[in-house]
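I opened this model today to get my bearings. These are my notes, in the order I looked things up.

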Amino acid sequence: MGSPEDQAYRLLKEHCNGFMVSQVLFSACELGVFDLLAEAPGPLASAEVAARLASSPRGTEQLLDACVSLKLLQVDVRRGKAVYGNTELASTYLARTGPRSQQNMLLYMARTTYACWGHLAEAVREGRNQYLKAFGAPAEQLFTAIYRSEAEQLLFMRGLQEVWSVCGGSVLAAFDLSPFPLICDLGGCSGALAKECVALYPACRVTVFDIPEVVQMAEKHFSFAGEERISFREGDFFTDPLPHADLYILARVLHDWSDEKCSQLLARIHHACKAGGGVLVIESLLDADGRGPLTTQLYSLNMLVQTEGRERTAAQYRALLAPAGFPRVHCRRTGGTYDAVLARK
C-alpha cells in the first residue's frame with residue numbers, strides 16, 4: 001500500500017494521461033487496426049500489421065502494445081513472436097463490421113470534438129463554443145463545423161446511427177409509447193432512432209423532420225427499402241411548420257440549445273401537438289445537484305465547447321416543459337448513457 005500522497009499522485013497522472021488514451025483509441029480506428037485484425041484469418045505480428053497499413057514498424061508495435069494494455073487488443077506469443085488480435089470489445093464496437101460498431105462516432109469525436117476540446121479554457125472563459133478557433137466557423141452556426149464537408153456530415157450521421165443502435169431501444173422502451181400512433185422525430189438525422197421506434201412499436205408511423213441537407217443525405221446514403229412506416233420531411237424546427245403528431249421525439253436536441261431557444265421550440269411543438277399528445281425528451285440527465293454522473297458532466301462541458309446548450313437535471317427539464325404547456329412530466333433513468341423524459345400536453 002502506498003502513501004496517500006502516492007495514491008493522489010497516481011490519480012493525477014491518470015487524469016493527465018487521459019488525452020493520450022483517447023488518442024490511442026482514435027488513432028487505431030483511423031489507421032484501420034481493428035478492421036484489419038477483424039478481416040485477418042488469425043492473429044498478426046506487428047510487422048505484418050505495419051506492412052498492410054503502410055505504417056512504421058516502430059510506431060505500429062508501440063500502438064498495438066498500448067492497445068493491449070487498454071484491453072482493446074489481445075496478444076499471444078507464438079514461436080517467440082508476438083501476434084495480435086481483437087478483444088471482444090474491439091470486435092463488437094471498434095471494427096467497422098462489428099455488430100454494434102461505434103467507429104464512425106469515434107472518428108467524428110477524433111476529428112471534430114477533440115479539436116474543440118483543445119480550447120476548453122477559452123470556452124470556460126468566454127462562455128461560448130469554440131468553432132471559430134477550431135474550424136474558422138461562426139459560433140452562431142452550430143452545425144457548420146459538423147457539416148463542413150459532405151464526408152464529415154456523413155461521418156456524423158453514421159455516428160448517430162451507431163449510437164442509437166446501442167442506446168435507442170432502452171430509451172424508447174422506458175415508457176410505453178404504443179398510445180402514440182403518429183410520431184415525429186425532430187432533428188431525427190438519418191432516421192436511425194425512427195427505425196428502432198417502428199421495430200419496438202410496429203403500429204406506429206414516424207416522420208423524421210430535419211434540415212434539407214440532412215434529409216437529402218439520409219435519403220441518399222441510408223436504406224429504408226420497403227419501410228413504409230418511416231417518412232422524411234425537410235424543414236427548420238425553429239421557423240418552419242411542424243408536422244402534426246401525437247408524440248414528438250427530441251433526442252440529443254435540447255442539450256444543443258439555450259433555455260430561451262428550448263422554450264421557443266417547445267412552444268412551437270405544443271401548438272402543433274395533437275390533444276392528449278406529448279414530447280419524449282432523450283438526453284443524458286444530470287443528478288439533482290448537478291454534480292454527477294461524471295460522464296454527463298463531461299457531456300455538458302462538450303455542449304459548452306460545441307453548442308449553445310448544456311446537459312440538464314430532471315428538474316430543469318420540468319422547468320422548460322411545464323410553462324410550454326406540458327405539465328405532466330415523468331422522468332425515467334435507463335441505467336445507460338441516455339435517459340427519457342415524457343411530458344404530456
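**Ground rules.** I started with salt bridges, and I count one when a side-chain nitrogen of Lys or Arg is within 4 Å of a carboxyl oxygen of Asp or Glu. This is a predicted model, where local features need pLDDT of at least 70 and side-chain atom pairs count only at pLDDT 80 or more, while totals for chains, interfaces and linings use all residues. Residues are numbered from 1 along each chain as its sequence is written, and side-chain values use heavy atoms, with hydrogens and water left out.

**Salt bridges.** How many salt bridges are there by this rule? I get 14 salt bridges. I looked at E126 and K133, whose side chains meet in one at 2.9 Å, N to O. For exposure I call a residue buried under 20% relative accessible area, exposed over 50%, and partly exposed in between (1.4 Å probe, protein chains only). E126 is partly exposed at 36%, and K133 is partly exposed at 41%.

Next I checked R310, which forms a salt bridge with D259, the closest N and O atoms being 3.2 Å apart. I take helices (H or I, at least four residues) and strands (E, at least two) as DSSP runs, numbered from the N terminus. R310 sits in the loop between α15 and α16 (314–321) and D259 in helix α14 (residues 259–272), so this pair links distant parts of the chain, 51 residues apart. R310 is partly exposed at 33%, and D259 is partly exposed at 34%.

Then I went to R111 and E30, a salt bridge with its closest N and O atoms 3.7 Å apart. R111 lies in helix α7 and E30 in helix α2 (residues 18–31), so the pair ties together parts 81 residues apart in sequence. R111 has a relative accessible area of 32%, which makes it partly exposed. E30 is partly exposed too, at 46%.

**Helix α15.** I checked its length against the expected span, which is 1.5 Å times one less than the number of residues. The 13 residues of α15 should span 18 Å, and its end C-alpha atoms are 18 Å apart, which agrees. Which residues of α15 are buried? I noted T296, S300, N302, M303, V305 and Q306. The buried residues of α15 pack against α7 (103–117), α8 (120–126), α9 (131–135) and α10 (142–146). For contacts I use heavy atoms within 4.5 Å. S300, with a relative accessible area of 16%, is buried. Leaving out residues up to four places away in sequence, S300 touches R310 and E311.

V124, L294, L298 and L301 form a nonpolar patch on the surface, with about 350 Å² of accessible area together. Patches are made of residues with over 30% relative accessible area and no salt bridge, with like charges joined within 9 Å and nonpolar side chains (Val, Leu, Ile, Met, Phe, Trp, Tyr) within 5 Å. The areas come from the Shrake-Rupley method with a 1.4 Å probe, and for residues only the protein chains shown count as cover. Helix α15 (residues 294–306) gives the largest share of the patch, three residues. L294 is exposed, with a relative accessible area of 56%.

**Cores.** I define a nonpolar core as a set of buried Ala, Val, Leu, Ile, Met, Phe, Trp, Tyr and Cys residues joined through side-chain atoms within 4.5 Å. The largest one has 74 residues, and those with the most contacts inside it are F34, W164, L172, I249, L280 and I282. Its largest share, ten residues, comes from helix α11 (residues 150–172). A second, separate core of 29 residues includes L186, Y248, L266 and I269.

Most residues other than glycine have a negative phi, and most peptide bonds are trans. The peptide bond from G292 to P293 is cis, with omega near -10°. P293 is in the loop between β8 (273–283) and α15. K71 has a positive phi near 65°, and K71 is exposed at 63%. C189 also has a positive phi, about 55°, but C189 is buried at 4%.
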